[in-house]
Amino acid sequence: MRISWSLVKSVFLLGVVVFLYAFSSHKNNSRPIKGLEVQFTGKENVFITSEMVDKLLIQSHEELYFIEKDAIDLKEMEFVLTSNAMVKSAQVYLTVSGEVRAKVEQKTPIARVYLDAVFYIDEDGFRMPLSSEYSARVPLVFGIEDEEDLKSIYKVALQIYKDAFLKTHITEIVQKENKEISLKMRIVDFEVLIGNLENLEEKLNNLKAFYQKAKKDKMLDIYKSVNLQFNNQVVCTKK
């Protein structure tokens, strides 16, 4: 039986390649972590800083810079970050050079609520604590008493947040004792009466149309209240 030296050579070379790959992979995974980099995605408002993220990640692995790459639990790091009330999502991964990189998306507040404590509600309707790093310019919410009230206010705040005009001009959302809602606007001092949430989008569109017309006619300063509770009309009361 003749031996195929070309086959032997091929098997030998394949074995060498596999050995070198395994050795290189093992050596690479045995290297210590070289650094940590944090990147924020989405909105630019920084409610949580890179230093705060660093601290959270290092706390999850107390000897981060001294352990081997294959000992890093990336899922645990992501869990630690997303457990923070300021963080909406997080992705943590390792680079070939041995750096830990974290992409962090922060929550976006849409209103600041004064209830049993002061907090934000974010664009998904969840509570979000205030930050010592940044104060969001969002409408202030007064008069709510419980979580059900908060759900109603969230619907109003979300409509305001999604509209550039309303987002710029609405400064307060107030729930009255009878559960009806009113708004206060920047610069002008009249009260905007929304009432209940029925036809909310239409009411807010009527407010925008009224405001633009009154501004053009230079009549914004003559009203003390603007009532949007009637179908397809705006009822104003003068001072």
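Hi everyone. A quick definition before we start: two strands count as paired here if DSSP finds at least two bridges between them. With that in hand, let's look at this model, which is a predicted one.

First, the overall picture. The protein has 6 helices and 12 strands. Of its 239 residues, 36% are buried. If you take contacts between residues at least 6 apart in sequence, 50% of them join residues at least 24 apart.

Now to the sheet. For β12, let's zoom in on its pairing with β11, residues 223-227: the two run in the antiparallel sense, over 4 bridges. If you'd like a residue pair to click on, V226 has C236 in β12 as its bridge partner.

V141 sits in strand β7, residues 140-142. Is V141 buried or exposed? Its relative accessibility is 0%, and the cut-off for buried is under 20%, so V141 counts as buried. What does V141 touch, once we set aside neighbours within four places in sequence? The list is A111, R112, V113, Y114, I153 and I173. Take I153 from that list: it is 12 residues from V141 along the chain, and their C-alpha atoms are separated by 7.9 Å.

There is another strand pair worth a look. β2, residues 87-94, and β3, residues 99-106, pair in the antiparallel sense over 7 bridges. S89 stands opposite E105 in β3. This hairpin has 4 residues between the strands, and G98 there takes a positive phi near 100°.

I187 is one, at about 75°. You'll find I187 in the loop between β9, residues 181-185, and β10, residues 191-195. Its relative accessibility is 78%, so I187 counts as exposed. The other is N199, with a positive phi of about 55°. N199 belongs to the loop between β10 and α6. At 39% relative accessibility, N199 counts as partly exposed.

Consider α4, residues 147-162, and α6, residues 200-216: their axes come within 11 Å and cross at roughly 45°. The two helices are therefore oblique to each other. As for handedness, α4 passes α6 in a right-handed crossing. Which residues make the contact? From α4 we have K155, V156 and Q159, and from α6 we have L200, E201 and L204. Sorted by class, that contact has 3 nonpolar, 1 polar and 2 charged residues.

Terms used. Residues numbered from 1 in each chain as written. Predicted model: local features only at pLDDT ≥ 70, side-chain atom pairs only at ≥ 80, totals over all residues. Heavy atoms only, no water. Axes fitted to C-alpha atoms, helices over the stretch in contact; angles between N-to-C directions. Parallel < 35°, antiparallel > 145°, perpendicular 65-115°, else oblique. Left-handed = near helix turned anticlockwise from the far one by under 90°. Contact = heavy atoms within 4.5 Å. Nonpolar A, V, L, I, M, F, W, Y, C, P; charged D, E, K, R; others polar. Buried < 20%, exposed > 50% of the residue type's maximum accessible area, 1.4 Å probe, protein only.
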